[in-house]
Amino acid sequence: MQPDGDGIDWAFVAVASTTRLGYNLSFARMGCRRPVRCESAKIIANLGVTAVRNLSLAGWIWQSLVACMVMALGAGVAAANESLTESADQLAASVLIHRDAWGVPHIEGPTDASVIFGFAYCQAEDYFWQLEDSYVMGLGRYAELYGDKGLKSDMINRAFEIPQRSQADYEKMEPKIKESCEAFVKGVNYYLEKHPEVKPRLIERFEPWQMIAMGRQVILEMTFGNTGQSKDHVPTDFKAVADAGKGSNAWALSPSRTKNGKAMLFINPHQPYYGFGQFYEGHMKSGEGWNFTGATFFGSPIPTLGHNEHLGWAFTVNNPGIGSAWRETFDDPANPLNYRYDKGYRQATEWKDTIRVKKKKGMEEREFVFRKTHHGPIIRKESDTSYIVANIGKFYDALLSRQNLAMVRAKNFAEWREAMSMLEFHIFNTVYADREGNIFYLYNGIVPRRDPSFDWSSPVDGSNPDTEWKGIHTIDELPQTLNPPSGFVQNCNQTPYTVTDDGNPSLGDYPDYMVRERHDDKRRAKVSRMLLREMKDMEFDSWQKACFDTTLYWAVVELPALARLHKELETSHPDLAAQSKPYFDHLMNWDRKVHIDSTQATLCIAWYEQLYGDVYRSETLQRQFIDDPSKKFHALLTAAQGLTKVFGDWKVPYGDVYRLQRHANVADFFQIPFNDKESSLPSAGSFGPLGIVFNMYFTPSIDIPLVKTIKKRYAVVGASYVSAVEFSDRIQAVSLLQYGESGHADSPHFFDQAKLMSQMQFKPQPFYWDDVLKAAKRSYHPGQQDEKKLAGELGGE
């Protein structure tokens with residue numbers, strides 16, 4: 001990221017002093033190891049706000065599930081100074097971890113605490129680097145690792161007082177939550193104790209309240225844009241790639257459309273392949289009565305999407321009105337902290353905080369002064385008297401781990417819906433299916449109730465009492481549909497009013513502020529409905545194939561219309577028609593699907609980029625092609641010429657260009673050292689805006705002579721954890737991670753599943769414990785052996 005102005009592109013307002021303070025500010029409560037001496041401060045003004053969405057930088061966002069490390073929200077664990085060894089040894093002795101051929105952990109224990117302890121140990125064992133990275137971000141210490149690039153994340157963290165509030169709120173949590181989350185931190189610390197060769201970068205010992213902080217930061221990174229304020233947190237050249245991280249697909253098919261009369265579920269979050277948003281797969285069986293398999297972000301105590309023996313669910317990122325922004329007026333000359341409210345004033349709270357920023361040599365300590373009103377923290381300055389504050393519904397009250405545990409225990413739709421009615425998940429379209437044949441869609445969100453006469457898409461007048469929130473909408477007041485007549489539901493991040501053909505929620509039944517994307521019907525959703533409505537007598541094998549469908553909706557719909565336009569060009573622009581004919585004829589001789597050997601798919605994507613500008617997110621044709629449709633074929637010529645320039649020919653097999661390549665220990669995907677000379681695999685995944693189920697987003701080709709040349713494009717966001725489930729009498733399920741279970745480059749499970757992804761195949765997902773034991777390649781207790789030995793003994797397939 002390039003600094004601007006005073007050297008930092010600040011994330012939000014910190015109103016500051018300019019005096020030398022010369023006192024010590026203890027950061028012990030923020031996880032720092034020593035007091036920080038505050039030497040100077042800087043006036044910060046007109047700071048833009050950012051929410052990091054599903055991508056690392058933490059950007060990407062989450063899309064798309066993102067969402068899932070947020071399930072650790074509210075999950076504090078064990079007192080920091082508590083002796084760990086004895087109780088951790090007892091937990092370790094009670095837990096058995098069974099690693100299958102793909103390195104996926106299947107964890108069994110007599111209690112919830114024991115399997116959570118085991119799950120934490122496995123996460124640390126497979127990728128401690130990423131787990132610690134996520135916690136550092138939650139502590140508001142990202143700049144200590146990444147310098148100025150991490151400062152925005154730390155600024156918004158400190159403005160919302162995440163470290164301070166999390167440490168205090170942990171003490172108020174109910175015993176069951178404390179017990180469960182204590183086990184998670186014990187599992188991580190036990191791993192470090194048993195592996196002294198692993199050197200943390202910042203956090204040498206994990207503490208209970210840090211889980212709360214981590215979860216709240218992920219919530220903030222994923223949802224701050226829902227306040228309507230700026231979320232420009234990534235470099236401009238890559239912002240569109242980052243925004244792609246909010247995508248996901250989810251389908252449910254009713255028994256009326258399947259051959260054996262059983263419901264089916266497709267789980268397909270599109271998350272970043274690097275940073276806090278990447279998924280980790282695990283299977284947990286607790287002696288307290290639940291057995292659940294699925295995936296989550298590193299740092300979460302329980303998988304947050306997947307299935308048990310009765311039911312399952314998938315999430316996609318939505319955009320509900322969970323937050324608001326207010327304009328506060330500070331115009332009292334007698335007291336600069338007074339802001340207008342009703343017929344008088346209220347007084348804001350102001351505090352100082354210090355952020356340590358990594359420099360080329362050592363650390364720089366910067367002090368800031370933050371301010372908040374009763375509405376929330378100041379996040380932007382408009383003028384000397386006008387400031388914008390923002391807040392998110394139930395930001396400090398929601399305990400996602402509490403709801404998550406209730407969901408995995410549910411045995412039927414009524415119990416599961418009761419768990420969802422707790423409204424501890426701030427966002428997510430939710431698609432559900434079960435063994436009783438129910439399918440269900442919910443536009444989930446913690447949406448504050450408010451006066452609909454105001455325009456909540458912009459900051460409202462904070463001095464007007466009528467702009468106060470008036471409670472939270474209940475689950476019954478959110479858009480949803482149960483067992484629609486059409487026999488399917490799907491959501492691909494589009495409006496909740498187009499989830500099926502017959503039985504959709506009605507737009508007129510809900511306030512505009514509740515659904516921010518109410519008119520957005522994405523092509524991924526359109527191609528999904530097109531495929532689902534044709535499914536009859538569906539079998540599980542066919543369902544799995546549909547999960548990797550590569551039909552391009554744009555090509556299906558637009559190429560016939562473009563053929564008519566090209567025919568007209570033969571009369572109106574004969575030279576242009578003749579020049580473009582070889583390329584257009586090539587596209588017309590095509591099944592409109594992406595194949596790794598398809599040269600038409602490569603040309604189609606290149607043409608789309610010319611027509612729509614930013615292929616990563618745009619579904620809107622650029623204006624010049626609307627005003628003069630003939631220019632569309634000039635764009636085709638440009639696309640073909642561009643391919644020739646980069647690859648030496650305009651007929652380039654898709655799989656030669658679009659690739660899978662993995663690198664270890666990179667949180668910021670803009671810094672990933674992709675290299676055409678290193679090993680990679682072809683991918684048939686493609687960009688969501690064209691309308692495709694098998695969705696991936698790739699880096700652009702780079703050609704800077706004598707500086708950097710990367711011709712191939714490498715996947716960084718998209719289909720990550722993918723699972724297909726059939727809710728038959730004995731559940732059938734398959735799954736896949738885009739790379740592999742381990743984050744260690746020397747592990748056989750670092751890139752083994754990428755081969756399956758390249759071939760568009762699933763791996764088996766053993767669920768019943770007799771199948772788990774048959775599939776186990778190694779069974780062990782936590783701490784029984786070191787990671788390198790374990791990786792060597794598991795040995796792949």
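The model is predicted: local features need pLDDT of at least 70, side-chain atom pairs count only at pLDDT 80 or more, and totals for chains, interfaces and linings use all residues. Residues are numbered from 1 along each chain as its sequence is written, and side-chain values use heavy atoms, with hydrogens and water left out.

Reader: In what order do the strands of the ten-strand sheet run, and which stand at the edges?

Author: Strands here are DSSP runs of E, at least two residues, numbered from the N terminus. Two strands pair if DSSP finds at least two bridges between them. The sheet is open and mixed, in the order β21-β19-β18-β10-β9-β8-β7-β4-β3-β32. Each edge strand has a single partner, so one side is left without a neighbour in the sheet; the edges are β21 (480-482) and β32 (778-780).

Reader: By what angle are neighbouring strands of this sheet turned against each other on average?

Author: Axes are lines fitted to C-alpha atoms, for helices over the stretch in contact, and angles run from 0 to 180 degrees between N-to-C directions. For this average, direction is ignored. The value is 20°.

Reader: Which residue in β10 stands opposite His307?

Author: Strands β9 (305-307) and β10 (311-316) pair in the antiparallel sense over two bridges. Opposite His307 stands Gly312.

Reader: At what angle to β18 does helix α10 run?

Author: Helices are DSSP runs of H or I, at least four residues. Helix α10 (413-420) lies across β10, β18 (429-434), β19 (439-443) and β21. Its angle to β18 is about 160°.

Reader: Which residue in the hairpin of β12 and β13 takes a positive phi?

Author: Strands β12 (338-341) and β13 (344-347) pair in the antiparallel sense over four bridges. Tyr339 has Arg346 as its bridge partner. Two residues lie between the strands, and the positive phi, near 55°, belongs to Asp342.

Reader: Which residue in β20 stands opposite Arg327?

Author: The open, mixed sheet here has the order β16-β17-β11-β20. Strand β11 (323-329) and β20 run parallel, joined by two bridges. Opposite Arg327 is Asp461.

Terms used: Contact means heavy atoms within 4.5 Å.
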